[in-house]
Amino acid sequence: MSKTGKGESDRKFIFCFPPEKTPCREFPFYAVSVYLYGMKFRTEIRIAPLSVRIGYENRLLALGSCFAEHISGRLSGARFRITSNPSGILFNPLSLAATLESYAAQQEVVPEELGCRNGLWFHYGFHGAFSDGSQKMALSKMNLARRAGASALREADRVILTFGTAWVYELRSTGEIVANCHRQPAALFRRRRLTVEEIVARYDDLQAGPLAGKQVILTVSPVRHLGDGLPDNFLSKATLRLAIDEIYRRHADSAYFPAYEILTDDLRDYRFMPTIWYTPRNRHSNTSGNSSPQRPSPRRPSENSRK
């Protein structure tokens, strides 16, 4: 360790660990800049080439959690032709499947499907951003989204699906699994965890229907659903991971990209380096974490909730 600089505030502490002297990130602690050399704070994941590849000649549709939104934004910024979540963020696999089926059938939303509470019209299959004080405006926005989704699905030859949680909320009155509870009273819903078998069975149907002829990349969102509690969050992620493993083993035109493993294991030292990979509350990956899964072996990060 050595010190440099003329004044106390200008001093820099240099840590060297030979023989490897690869510089890492500069960490500000109080008024001192610390440089670390040769220390590894990651367990790097070696990603095998996927059977599903993406190029500029492809049309992409991305559906799923907020993590899918971030990855789509990065791909769009790189000038890929991609459409992301026309109906808004979707957290559970069955709501995602229902959305794909509505796009394929080109179903129009009708007034009978809407609910109203506190003067706001909403749909259990859409994100809250599509709700409106006017029933007519709500229907218009939702049907525009459906048509955009139908067009994107029809044109896409690559589909990226990101599963967020295996916990779902069913309406007690109908048994329907909702994509968004829209802050309705908890007594209206029954909470349960999807099984691996029902997720796989639904996606077998999708592969023979709306996803036929398309190549699919499956991921699990690394965002932790702390509202479920950590034990239930881990059960949820394990269920999703097992379901995806079975899906891509059954269908040769599907592949799994380990975004979940990269963010939660490879980049696991977020307590020591909170500003690099995670937001201050350590729930969501920040812009650095969101961009890192794009690179097979990132050295420097380049660059976010459940509603």
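Let me open with Glu246, which counts as partly exposed because its relative accessible area is 30%, where buried means under 20%, exposed over 50% and partly exposed in between, with a 1.4 Å probe and protein chains only. What I am showing is a predicted model, in which local features need pLDDT of at least 70 and side-chain atom pairs count only at pLDDT 80 or more, while totals for chains, interfaces and linings use all residues. Residues are numbered from 1 along each chain as its sequence is written, and side-chain values use heavy atoms, with hydrogens and water left out.

The side chain of Glu246 meets that of Arg250 in a salt bridge at 3.0 Å, N to O, a salt bridge being a side-chain nitrogen of Lys or Arg within 4 Å of a carboxyl oxygen of Asp or Glu. Both residues lie in helix α5, four residues apart, about one turn of the helix; helices here are DSSP runs of H or I with at least four residues, strands are runs of E with at least two, and both are numbered from the N terminus.

Arg250 also forms a salt bridge with Asp204, with the closest N and O atoms 2.5 Å apart. Since Asp204 belongs to helix α4 and Arg250 to helix α5, this pair ties together parts that are 46 residues apart in sequence. Asp204 is partly exposed, at 21% relative accessibility, and Arg250 is partly exposed as well, at 47%.

That brings us to α4 itself, residues 196-208, which has 13 residues and reaches 19 Å from its first C-alpha to its last, close to the 18 Å expected, the expected span being 1.5 Å times one less than the number of residues. Which residues of α4 are buried? They are Ile199, Val200, Tyr203, Leu206 and Gln207, and they cover an arc of only 115° around the axis, which puts them on the same side of α4; the arc is that of the directions from the helix axis to the C-beta atoms. On the other side of α4, Glu197, Asp205 and Ala208 are exposed.

Finally, of the 13 salt bridges in the structure, one joins the side chains of Arg192 and Glu170 at 2.8 Å, N to O. This pair links distant parts of the chain, with Arg192 in strand β11 and Glu170 in strand β10, 22 residues apart. Glu170 counts as buried because its relative accessibility is 11%, whereas Arg192, at 25%, counts as partly exposed. Both residues belong to a network of salt bridges that also includes Arg190 and Glu198.
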